[in-house]
Amino acid sequence: MIRIAITGPESSGKTTLAIDLSKELNANYAQEYAREYLDKRGGAYSLSDLDNIALGQLNLWSISAPILIADTEITVLKIWSEDKFGALSELIEQIYSDQHFDHYFLCSPDIPWEPDPLREDPDRRQYLFECYEKELLTYNRPYTIITGSKEERTKKCIQQLQKLKLI
């Protein structure tokens, strides 16, 4: 099974890219569990909710398929937790440490901000992007930065996956 993660700050095109890439590769798409969870709670959350979100996300990845495209991964929860609460639970730390994807695509915030009731940081996307890249480097995760239009992003991902012989 090949596992591909789409990551990056909010409103950087993660969901669009994950869906488009899943369609192009006829792959299994694992949605972002946080969105579903927070929608049910009217957007309200606390530090302990992030553990529930992490477990829900893990459950979505448990489906067996030749290729899994994950619309987000635990780096998102790690940065979110540290940035918003100045803390990180042992659960998220453990899941993050154990997490394995064959490749990560880090979405650049080089596209316009799209308002959404669940989004919080329109002016901090570049700073958060740098936090994501630092995490990927620190944990030696294989990644590619993705920029450009919707079409360019999907094309770049497919080219990189072919170059890495993952597809």
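Which residues touch the most other members of the largest nonpolar core? To get there, a word on what you are looking at. This is a predicted model, where local features need pLDDT of at least 70, side-chain atom pairs count only at pLDDT 80 or more, and totals for chains, interfaces and linings use all residues. Residues are numbered from 1 along each chain as its sequence is written, and side-chain values use heavy atoms, with hydrogens and water left out.

Now the answer: the core has 28 residues, and Ile53, Trp61, Ile74, Leu77 and Trp80 are the ones that touch the most other members. A nonpolar core here is a set of buried Ala, Val, Leu, Ile, Met, Phe, Trp, Tyr and Cys residues joined through side-chain atoms within 4.5 Å. Buried means under 20% relative accessible area, exposed means over 50%, and partly exposed lies in between (1.4 Å probe, protein chains only). At least two residues of this core come from each of helix H2 (33-40), helix H3 (47-60), strand S3 (67-71), helix H4 (74-85), helix H5 (90-98), strand S4 (103-107) and helix H6 (125-138). H4 gives the most, with five residues. As a general background, nonpolar side chains tend to be buried together in soluble globular proteins.

Take isoleucine 53 as a way in. Skipping its neighbours within four places in sequence, isoleucine 53 is in contact (heavy atoms within 4.5 Å) with Tyr33, Ala34, Tyr37, Leu38, Leu77 and Trp80. There is also a second, separate core of 17 residues, and Leu21, Ile67, Phe105 and Cys157 are among them.

Step back to the whole chain. It has seven helices and five strands, counted as DSSP runs numbered from the N terminus (helices are H or I, at least four residues; strands are E, at least two). Starting at the N terminus, the order is β-α-β-α-α-β-α-α-β-α-β-α. The radius of gyration is 15 Å, close to the 15 Å that the globule rule gives for 167 residues, so the chain is as compact as a globular protein of that length. That radius is taken over C-alpha atoms, and the rule is 2.2 Å times the number of residues to the power 0.38. Along its principal axes, the C-alpha trace spans about 40 × 35 × 30 Å. Buried residues make up 48% of the 167. Of the contacts between residues at least 6 apart in sequence, 77% join residues at least 24 apart.

A few single residues are worth a stop. Serine 11 sits in the loop between strand S1 (2-7) and helix H1 (14-25). Serine 11 has a positive phi of about 55 degrees although it is not a glycine, and it is buried, with a relative accessible area of 6%. Threonine 72, in the loop between S3 and H4, also isn't a glycine, and its phi is positive, near 105 degrees. Threonine 72 is buried too, at 3% relative accessible area.

Then look at lysine 78 in helix H4. Lysine 78 is buried, with a relative accessible area of 6%. Its contacts, leaving aside neighbours within four places in sequence, are Leu88, Ile92, Tyr96, Glu135 and Tyr139.

Finally, find asparagine 52 in helix H3. At 39% relative accessibility, asparagine 52 counts as partly exposed. Beyond its neighbours within four places in sequence, asparagine 52 is in contact with Tyr33 and Tyr37. The C-alpha atoms of asparagine 52 and isoleucine 92 are separated by 9.7 Å, with the two residues 40 apart along the chain.
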